[in-house]
Amino acid sequence: MTSLVNARSVSKNFGAVRAVDNVSFEIEKGKILGLIGPNGAGKTTLLKAVLGLTDCEGDLSVLGFNPFKQRKQLMQNICFIADVAVLPRWIKVTQILDYVEAIHPNFSRSRAEELLLQTNVRSDAKVKELSKGMVTQLHLSIIMAIDAKLLVLDEPTIGLDILFRKEFYANLLNDYFDEERTILITTHQVEEIENLLTDVMFINDGKILLDSSMDALSDTYVEVLTSGEGAQKARGLGPIAENQMFGKSIMLFEGVSREHLEGLGELRIPSVADLFVAKIKEARK
Amino acid sequence: MIANQPALIKRELWEHRSIYVTPAAIAVIVTLGVLATLMLASGFAKELDMAIFGAQNLAGDVERRAALTGFFVGTSWVFLVALMFLTVFYSLDSLYAERKDKSILFWRSMPATDAETVISKLLTAAIVIPAITAVGIWATHLVNLIVTSIWVSAKGGDASVLIWGSVSILDNWLAALIVVVASGIWMSPFIAWFLFVSTWAKRMPILMAFMPPIILGLLEWIVFRTQYFLTTIGDRGDMTPLFHSMSLERFFEEEQWRDGMENISLLQHMDLVGFVTDPGFWSGLLVCGILTTAAIYVRRYRDDS
């Protein structure tokens, strides 16, 4: 596997606040990694460091470049959509295509126009005349027409309705993603993307709580729905989290084999959202 | 660095339409003003008829040349005043607006460096806006010469002699071009200061741009009872080295026009060599370089997105 992003002991301080605290991780080619964390966890700061938008301590290499010092070279092979509507409101659709075509060596205008034809975005419209969903469609059409190795999405669907959100991810998977491309994504709507992800990383207070492939996740974590005596026995095995629902206990286990848990209740693979909540609570204890 | 500049400058023209709308508006206003003056003059008295531009009742060639050159200089001056306001507001807005509407995140997602972006804005303010202003001046002159020629011809005058034969068009146009382009370069330290403020100010860049020099000037006055700082800034506005050989009193002396001047030349009053060899020219470029570098640095390191 080829490592596209390689972070070793990366930290970033804002005054006395340590936004990213000595994190190390790798992102390999062909992965869709979900970076998940509560507000203020350091997700956006980490993404900015990866994108070269902010400097940081430690060793960070993205596509073999130092992102902060070699941002121009990096941006030729990397795309990102930030967490707010960032397309300038005054620009026309044709102008933004002209601009990207002139600036970006890996942009295919015909591909972008083809993608835009599938939307309601008129080519003569100004961005300020488009709805928020249409602006995101425009941005995504531009991004998907760029032959980039790494796509970074920071809360890309925030503020969009469910129809646009579903369409956004469907387009991303069907028309963009292949084994040559890598996607790094953050979102609060974990449930909507967990089926897309190949890997997941939890971050809290600037530290990485979990860094795993989705396959390994189902081997490591097991959820048991149990009650009565089964619950008593299960509790003895040291669940990392326990919740009550409809008179039953839902316990989450880490590193306990399924054989040990068989017979104690109904075994399930935990959702990323449940796992996230459990890990955050565990970290805050 | 150079390859991306055309696209980046084109982007500036898309965003700041006032760069070409303002000169176009002035051109229309001046033309309408000339037409109104011609009609008004005709309406009042026969003697005034065609009196404004190369009219038959202006005594001689020299006076006619002087009148037309006056018109050329006057309209160019209107454009220069507009150029000054346009440049100040453009420079102060250019790196501030992108932070305000967060579009900086989109621009920075493209493979254009902060240095390329800031330099494109400096080039727009110091070269492109003056160049467009020069085109505006030329177009206004040309349109008004044509309008006046039609007017004079309709009144029975010979426009080829009275108008076109009485003005050194190329001399005037070249002079206008030199003045606007030279002003962009001469004022580049101010432009770079505005760009720096534009990328640095959290709010109200116009206040942030003008308050520090005023406060510094006041402090100098309070502490030393001198006014070197503000005087230096004020004096730079005169572009003295370019007009070194020009005396305003002498320029408007009637004798001067009669003293065997076959052609009134504005270029004669300019000292290009003196301008580019003046220490103020080079020190200005140095200050411009320092402040532009500071603006690039702030855009690169600032993170208020």
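How many salt bridges does the rule find across the interface of chain A and chain B? The rule finds two. The views below come from a predicted model.

**View 1. The interface of chain A and chain B.** Chain A brings 32 residues to the contact, and chain B brings 25 residues. Together the two chains bury about 2700 Å². Carbon and sulfur atoms account for 67% of that area. Five residue pairs are in polar contact across the interface, both residues being at pLDDT 80 or more. On the side of chain A that touches chain B, helix 2 (71-75), strand 5 (78-81) and helix 3 (93-103) each give two or more residues. Helix 3 of chain A gives the most, with seven residues. By class, this side of chain A has 21 nonpolar, five polar and six charged residues.

**View 2. A salt bridge between B:Glu116 and A:Lys72.** Side chains of opposite charge can pair when their charged atoms come close. Here B:Glu116 and A:Lys72 meet at 2.7 Å, N to O. Over all chains, the salt bridges come to 26. This pair crosses between chains, from helix 6 (residues 114-154) of chain B to helix 2 of chain A. B:Glu116 is buried, at 1% relative accessibility. A:Lys72 is partly exposed, at 24%.

**View 3. A salt bridge between A:Asp147 and A:Arg181.** The two side chains meet at 3.2 Å, N to O. The pair links distant parts of the chain, 34 residues apart. A:Asp147 sits in the loop between helix 5 (132-144) and strand 6 (150-154) of chain A. A:Arg181 sits in the loop between helix 6 (162-176) and strand 7 (182-186) of chain A. A:Arg181 is buried, with 12% relative accessibility.

**View 4. B:Asp114 and B:Arg299 in a salt bridge.** Their closest N and O atoms are 2.7 Å apart. B:Asp114 lies in helix 6 of chain B and B:Arg299 in helix 15 (residues 279-301), so the pair ties together parts 185 residues apart in sequence. Both are buried: B:Asp114 has a relative accessible area of 4%, and B:Arg299 has 3%. Salt bridges with shared partners join A:Arg71, B:Glu98, B:Arg108, B:Asp114 and B:Arg299 into one network.

**View 5. The surroundings of B:Thr87.** B:Thr87 belongs to helix 3 (residues 61-94) of chain B. B:Thr87 counts as buried because its relative accessible area, 10%, is under 20%. Beyond its neighbours within four places in sequence, B:Thr87 is in contact with B:Ala125, B:Ile129 and B:Ile191.

View 6. The structure holds zero disulfides over all chains. A:Cys56 is partly exposed, at 27% relative accessibility. B:Cys288 is buried, at 7%.

Conventions
Residues are numbered from 1 along each chain as its sequence is written. Chains are lettered from A and ligands numbered from 1 in the order in which they are written. This is a predicted model: local features need pLDDT of at least 70, side-chain atom pairs count only at pLDDT 80 or more; totals for chains, interfaces and linings use all residues. Side-chain values use heavy atoms; hydrogens and water are left out. Contact means heavy atoms within 4.5 Å. Buried area is the accessible area (1.4 Å probe) that two parts lose on being put together, summed over both. A salt bridge is a side-chain nitrogen of Lys or Arg within 4 Å of a carboxyl oxygen of Asp or Glu. A polar contact is a pair of N or O atoms within 3.5 Å; within protein, one must be able to donate a hydrogen and the other to accept it, and residues adjacent in sequence count only if both atoms are side-chain atoms. Helices (H or I, at least four residues) and strands (E, at least two) are DSSP runs, numbered from the N terminus. Ala, Val, Leu, Ile, Met, Phe, Trp, Tyr, Cys and Pro count as nonpolar, Asp, Glu, Lys and Arg as charged, and the others, Gly among them, as polar. Buried means under 20% relative accessible area, exposed over 50%, partly exposed in between (1.4 Å probe, protein chains only). A disulfide is a pair of cysteine sulfur atoms within 2.5 Å.
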